[in-house]
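This report describes one protein chain, from its overall layout down to single side chains. Please keep the structure in view while reading.

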Amino acid sequence: MDGDEQHLIVHVGGETDIERAPMLRSALRTAITQPGGPHEILIDLADLSFCDSAGLNALIHARQTATEHGRHIRLRHPQPRVLRLLEMTGTDALFPVTDT
């Protein structure tokens, strides 16, 4: 995780599947709920090569947690297959995507 006072960047790489999704979910929850933490969390997906429904569920849960804590999530640099997963499931509307 990287960050400053304005935002926090959570780097996600490799494969996020049924085995690794709980770890992602926990890391995102910690990042989002830290007292005095930044208003925006960027989830950097540049190195994420695979994401299944469990990984997608972790992202959706993180968005819900962020909303509950008055924070925002953006996805950064998602790979084409991750974008396709978001589009196919209709969850692309939930996550602003950025290249910065």
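**Overall layout**

The model is predicted. Its mean pLDDT is 92, and 95% of the residues reach 70 or more. Confidence is highest in helix 2, at 97, and lowest in strand 1 (residues 2–3), where the mean is 56.

The protein contains three helices and five strands. Read from the N terminus, the order of these elements is β-β-α-β-α-β-α-β. The C-alpha trace spans about 35 × 25 × 20 Å along its principal axes. A compact globule of 100 residues would have a radius of gyration near 13 Å, and the 12 Å of this protein agrees with that. Of the 100 residues, 42% are buried.

**Helix 1**

Helix 1 covers residues 21–33, which makes 13 residues. From first C-alpha to last it reaches 18 Å, close to the 18 Å expected at 1.5 Å a residue. Which residues of helix 1 are buried? They are Ala21, Leu24, Leu28, Ala31 and Ile32. Seen down the axis, these buried residues fall within an arc of 95°, so they line one face of helix 1. They pack against strand 2 (7–16), strand 3 (40–51), helix 2 (53–68) and strand 4 (72–76).

**Helix 3**

In helix 3 (residues 80–89), the buried residues are Val82, Leu85 and Leu86. Their arc around the axis is only 95°, which puts them on the same side of helix 3. Pro80, Arg81, Glu87 and Met88, on the other side, are exposed. The packing partners of the buried residues of helix 3 are strand 3, helix 2 and strand 4. Just after helix 3 comes glycine 90, with a positive phi of about 75°.

**Salt bridges**

Side chains of opposite charge can pair when their charged atoms come close. How many salt bridges does a search of the whole structure find? The search finds two, and they are listed here.

| Side chains | Distance, N to O |
|---|---|
| arginine 74 and glutamate 40 | 2.7 Å |
| aspartate 44 and arginine 76 | 2.9 Å |

Arginine 74 belongs to strand 4 and glutamate 40 to strand 3, so this pair ties together parts that are 34 residues apart in sequence. The other pair also links distant parts of the chain, with aspartate 44 in strand 3 and arginine 76 in strand 4, 32 residues apart.

Are aspartate 44 and arginine 76 buried or exposed? Both of them are buried. Arginine 74 counts as partly exposed because its relative accessibility is 22%, while buried would require a value under 20%.

**Phenylalanine 50**

Phenylalanine 50 is a residue of strand 3. Its relative accessibility is 33%, so phenylalanine 50 counts as partly exposed. Leaving aside residues up to four places away in sequence, phenylalanine 50 touches Gly14, Glu15, Thr16 and Asp17. Proline 38 lies 12 residues from phenylalanine 50 in sequence, and the two are 28 Å apart in space, C-alpha to C-alpha.

Methods:
Residues numbered from 1 in each chain as written. Predicted model: local features only at pLDDT ≥ 70, side-chain atom pairs only at ≥ 80, totals over all residues. Heavy atoms only, no water. Helix = DSSP H or I, 4+ residues; strand = E, 2+ residues; numbered from the N terminus. Expected span 1.5 Å × (residues − 1). Buried < 20%, exposed > 50% of the residue type's maximum accessible area, 1.4 Å probe, protein only. Arc of directions from axis to C-beta. Contact = heavy atoms within 4.5 Å. Salt bridge = Lys/Arg side-chain N within 4 Å of Asp/Glu carboxyl O. pLDDT = per-residue confidence, 0-100. Rg over C-alpha atoms; globule rule 2.2 N^0.38 Å.
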